[in-house]
Amino acid sequence: MKNFSFKNPTKLIFGKGSIAQLTKEIPQDKRIMICFGGGSVKNNGVYDQVMNALSGHHIIEFWGIEPNPTYETLIEAVAQARNHSIDFLLAVGGGSVIDGTKFIAAAIPYANDPWEFVLDDSKITKTFPLAAILTLPATGSEMNGGSVISKLATKEKYAFHHPGVFPLFSILDPETCYSLPDYQIAAGIADTFVHILEQYLTTAGQSMVMDRFAEGLLLTLIELAPRLMENHQEYDDMANFMLTATMGLNGFISMGIKQDWATHMIGHEITALTGLTHGYSLAIVLPALMQVMREDKKSKLLQYAERIWNITDTNPETKINTAITKTNNFFRSLGIKTTLSENNIGEDVILEIVHRFQERNTVLGENRNITPDKVLNILNLCK
Ligand code: NZQ
Ligand code: ZN
């Protein structure tokens, strides 16, 4: 196990009816900007719950943070926040609204063009306080210091990280997720599954504790997935899914271990160029990445095959093949099309991604040996 330090400052407020707790979590004298997406919260009662809890507070509303939140929309929010002397930000929605609000929190006090800190987060020196109400289990953004921002003008998508953008608190009421369409539930399951594997699937023998945490979350997700796809209005199932998604990317399963994240980096490029939903991009890339990187990941792929999919085959290569097939089938069981062609994504996108990585001298993966050539191999397998 590697040396590590760990801190997660976000207070998690979880359960039925918990949006009402906003009243006491945000001091009365704060000037709040509430950030929303496209309007789902108006249809599922979340907006009314938030407004009731904050009646008497000074509020302005910012609407229209889109899936894969864009720099172009967010700088408008930054201007409004500055004009109204906002000193507290509240995100209400999915990962995109929370990520967008994190950008706003870092951009308000930033003197230059905030795109600078998306490209180089060491430039962030100050952030404004933010909190979140989550309505979509997937990204873990409600309890981490990461944010992923897109720029429409250049079709780019990058993540930045900073300790100052962890939400002060996040409220998770599973009932707010009952209104999610199947498409988003599937994306959320796939995203969570891949978050766990990006941290787990490197080499065996680094940390027994991290392994068992990750395996517990994966097994939970696999058990819940068919039930959630059948009916996502069952409280305990949704509560378990929500907590799995949060625990999948809040640092608790990555203490002292190597991490991969190549699937995400390739997936972000697919989304930046084509608009494909984040979780769907990952479900395409991951099985191919497992195939291309099978030698590097052999020890962990074998452990994954045994402990997650109960594969007892004595031939290691067959065992790994079966584990990859089962992973792909898991995504397909959610209704996700796991090839590029099924998503109408062609050779031009593959070539552009490889070209971008070549220009940026990008090397990915836990061993920094996923070169642009290997990315090409991976994407060719995704066709
Ligand atoms: O905009 P509204 O109207 O609210 O609708 C949203 C949106 O259209 C809808 N939705 C959310 N909650 C709902 C609901 N519809 C009905 N009922 C509800 N309860 O769902 C749509 C998608 O929302 P979005 O926030 O985009 O989804 P998600 O939470 O999957 O976030 C995706 C973004 O997060 C980034 C992704 O790259 C992508 O930009 N990620 C952020 C990470 C982080 N901060 O740590 C890590 C992840 O790996 C990921 O990269
Ligand atoms: Zn993700």
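Two strands are said to pair if DSSP finds at least two bridges between them, and helices (H or I, at least four residues) and strands (E, at least two) are DSSP runs numbered from the N terminus. This is a predicted model, in which local features need pLDDT of at least 70 and side-chain atom pairs count only at pLDDT 80 or more, while totals for chains, interfaces and linings use all residues. Residues are numbered from 1 along each chain as its sequence is written, chains are lettered from A and ligands numbered from 1 in the order in which they are written, and side-chain values use heavy atoms, with hydrogens and water left out.

**The sheet and its helices**

Six strands make up an open sheet with parallel pairing, in the order 1-8-5-4-2-3. Its edges are strand 1 (11-14) and strand 3 (58-62), each of which pairs on one side only. Within the sheet, strand 4 (residues 88-93) runs parallel to strand 5 (residues 130-134) and is joined to it by 5 bridges, with Leu89 standing opposite Leu130 in strand 5.

| Helix | Lies across | Angle |
|---|---|---|
| Helix 3 (residues 46-53) | strand 2 (31-36), strand 3, strand 4 and strand 5 | about 175° to strand 2 |
| Helix 4 (residues 71-83) | strand 2 and strand 3 | about 160° to strand 3 |

**An aromatic pair**

Rings of Phe, Tyr and Trp (its six-membered ring) pair if their centres lie within 6.5 Å, and planes under 30 degrees apart count as stacked, over 60 as edge-to-face and the rest as tilted. By this rule the model has 16 aromatic pairs. One of them is the tilted pair of Tyr47 and Trp63, at 5.7 Å centre to centre with 45° between the planes. This pair links distant parts of the chain, since Tyr47 lies in helix 3 and Trp63 in the loop between strand 3 and helix 4, 16 residues apart.

Asp191 and His195 are separated by about one helical turn, because they are 4 residues apart in helix 7 (residues 182-200).

Technical notes
Contact means heavy atoms within 4.5 Å. Axes are lines fitted to C-alpha atoms, for helices over the stretch in contact, and angles run from 0 to 180 degrees between N-to-C directions.
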